[in-house]
2 protein chains.
Amino acid sequence: MQRKHLGEHYILELFDCDNKLLNDVEGIKEIMIAAAVAANATIVTKYFHQFSPYGISGTIVIEESHFNIHTWPEHGFAAVDLFTCGDSLQPEKAKSLIIRELKSQNHDYSTIKRGVFKK
Amino acid sequence: MQRKHLGEHYILELFDCDNKLLNDVEGIKEIMIAAAVAANATIVTKYFHQFSPYGISGTIVIEESHFNIHTWPEHGFAAVDLFTCGDSLQPEKAKSLIIRELKSQNHDYSTIKRGVFKK
């Protein structure tokens with residue numbers, strides 16, 4: 001049986017982050033752009049939305065799929081998705097950068113293979 | 001132990017879809033918007049990108065998180081993410097609509113709870 005897959009999807013659960021930063025839309029945007037650059041991704045477009053009074057949703061469409069973040073400052077929590085395809089990307093660099101910059105003291109992550117074909 | 005979680009994330013793997021539709025950016029956009037409406041989501045913004053020669057990436061930012069799709073027409077495959085938070089949404093309706101409209105003959109899905117706090 002030959003296996004191939006089309007994409008890699010990191011699911012990050014970031015607890016005990018810097019609450020103030022999680023409600024700073026410009027700061028979150030900078031971190032996510034830096035993460036895309038660190039991963040060697042090519043940015044197509046980006047959109048960041050500040051909810052009132054709390055929370056940010058951000059998406060970066062990259063040539064190689066997408067990066068997403070949703071923050072809950074009131075819980076010190078951020079959910080991050082790093083979906084990449086192709087062999088030239090280094091999503092683990094984006095993962096490390098985001099964890100470090102959000103000052104997460106406690107995190108979980110998993111990696112899912114997307115588009116797995118059994119032949 | 002009390003458990004609470006902040007979001008629900010459907011991961012859909014759609015195989016054996018209508019190849020032509022998977023490369024029709026307007027058709028994919030219509031389906032994803034219809035899915036957001038079916039789920040009772042509030043659309044904040046949307047972005048759909050046609051790659052050359054094959055493939056579409058689409059994202060819909062909703063008040064309640066996001067919907068995403070990436071298509072590989074050459075493989076008849078689409079990867080869809082439906083990330084929602086709050087109790088008023090019905091993401092399973094979006095899931096059914098997308099599977100039906102893309103004419104997927106073979107699919108897998110899983111649901112991940114995001115932001116699970118143990119107390």
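Modeller: About 2,700 Å² of area is buried between chain B and chain A, and carbon and sulfur atoms give 68% of that. Buried area here is the accessible area (1.4 Å probe) that two parts lose on being put together, summed over both. Of the area that chain B buries against chain A, 18% is supplied by B:Leu6, B:Trp72 and B:Arg114, more than any other three residues.

Before going on, a word on the ground rules. This is a predicted model, so local features need pLDDT of at least 70 and side-chain atom pairs count only at pLDDT 80 or more, while totals for chains, interfaces and linings use all residues. Residues are numbered from 1 along each chain as its sequence is written, chains are lettered from A and ligands numbered from 1 in the order in which they are written, and side-chain values use heavy atoms, with hydrogens and water left out.

Now the residues. On chain B, 34 residues are in contact (heavy atoms within 4.5 Å) with 35 residues of chain A. The rule also finds 4 salt bridges across this interface; a salt bridge is a side-chain nitrogen of Lys or Arg within 4 Å of a carboxyl oxygen of Asp or Glu. A:Asp81 forms a salt bridge with B:Arg114, with the closest N and O atoms 3.1 Å apart.

Next, zoom in on B:His66, which sits in strand S4 (residues 65–72) of chain B. Strands are DSSP runs of E, at least two residues long, numbered from the N terminus. B:His66 counts as buried because its relative accessibility is 1%, and buried means under 20% relative accessible area (1.4 Å probe, protein chains only). Its side chain makes a polar contact of 2.6 Å with the side chain of A:His70 and another of 3.4 Å with that of A:Asn68. A polar contact is a pair of N or O atoms within 3.5 Å; within protein, one must be able to donate a hydrogen and the other to accept it, and residues adjacent in sequence count only if both atoms are side-chain atoms.

Finally, look at A:Arg114, in strand S6 (residues 106–118) of chain A. A:Arg114 is buried too, at 1% relative accessibility. Within chain A, its side chain makes a polar contact with the side chain of A:His9 (2.9 Å).

How values were computed: Helices (H or I, at least four residues) and strands (E, at least two) are DSSP runs, numbered from the N terminus. Buried means under 20% relative accessible area, exposed over 50%, partly exposed in between (1.4 Å probe, protein chains only).
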